[in-house]
Amino acid sequence: MNKLILISLLVGYSMALFAQGPPITTETPIMLGLDGSGIRTFGKYISKKNTNIYVQPIGIPYNITPKFQVGGTFPFKFVTPNGAETTGGLSDIAIFTKYQLYKKDGTAKTFRVLAHIKQSFPTGKTSSLPMIGSGIYQTYVGLIIGKISSVIGIYGDFGYNITSNNASDNFLYNFSIGVPLLPQKYPQRQINTFLEFNGNYLIAPKEHTFLISPGLQFIPGRRILFETSFQVPIVQNNITTNKINYMILLGTRFLFN
């Protein structure tokens, strides 16, 4: 009897986490599971004052242990300045690692804290105008925090990005609230709504961008989900040229194991 209760609690707990779904523009504190692997890709259209940009990153995470995850991101970028031809190709590749520092689980709820380190390499083309890559190395060090239950998910991530070649460092922060719209059931099928906020503070020169990002996520089964987000800036301090008009994201995630 006790074993049956334990199994029921574990099934309900896993359903709650999956039904909640990972945030769209904020990092998730939920690992893929032991020996889990997956893939995420999305198209992101960025409309700026003087330029239109399309980015198609492919992210591949893999769990070494239940607490330790590594992965890589391979972005393809296409830039179209006003009145000019499109330049595109592979942009700056990044590798990342996440390590779970703290976890406290309850019935259909969890609280987790992860360390997050990401290293970007200047693999994108810089010889053309406009440039596809940044031309600099970037090292990001941050934290990911999440408090998740069957009725709401609250997520946050923040960290510092260190750059090379005298480029400006920057502080990045994201915050997300997710709410599932459908009752939990098996097999899993869920629609999640998200309200997210994304910030980027450039150290020198001092520039601050803050966006609001409502999003929608559809989970038709255990291994796949689809998501979309619309991002609009509400703060763009000290940015005089090429301000962001809006951004649209449309993507999918697939879990192999």
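This is a predicted model: local features need pLDDT of at least 70, side-chain atom pairs count only at pLDDT 80 or more; totals for chains, interfaces and linings use all residues.
Colleague: How many aromatic pairs does a search of the whole structure find, and what is the geometry between Tyr45 and Tyr246?

Modeller: The search finds nine aromatic pairs. In the one formed by Tyr45 and Tyr246, the ring centres are 6.3 Å apart and the planes lie at 45°, which makes the pair tilted. Because Tyr45 lies in strand E1 and Tyr246 in strand E13, the pair ties together parts that are 201 residues apart in sequence. The rings of Tyr102 and Phe111, by contrast, have their planes at 65° with centres 6.0 Å apart, so that pair is edge-to-face.

Colleague: How should I read the charged contacts, and which residues does Glu227 join in one network?

Modeller: The general idea is that side chains of opposite charge can pair when their charged atoms come close. Five salt bridges are found here, among them that of Arg40 with Glu227, whose closest N and O atoms are 3.1 Å apart; this pair links strand E1 to strand E12 across 187 residues. Glu227 also meets Arg253 in a salt bridge at 2.9 Å, N to O, and here strand E12 is linked to strand E13, with the partners 26 residues apart. Both Glu227 and Arg253 are buried, and the shared partners join Arg40, Glu227 and Arg253 into one network.

Technical notes. Residues are numbered from 1 along each chain as its sequence is written. Side-chain values use heavy atoms; hydrogens and water are left out. Rings of Phe, Tyr and Trp (its six-membered ring) pair if their centres lie within 6.5 Å; planes under 30 degrees apart count as stacked, over 60 as edge-to-face and the rest as tilted. Helices (H or I, at least four residues) and strands (E, at least two) are DSSP runs, numbered from the N terminus. A salt bridge is a side-chain nitrogen of Lys or Arg within 4 Å of a carboxyl oxygen of Asp or Glu. Buried means under 20% relative accessible area, exposed over 50%, partly exposed in between (1.4 Å probe, protein chains only).
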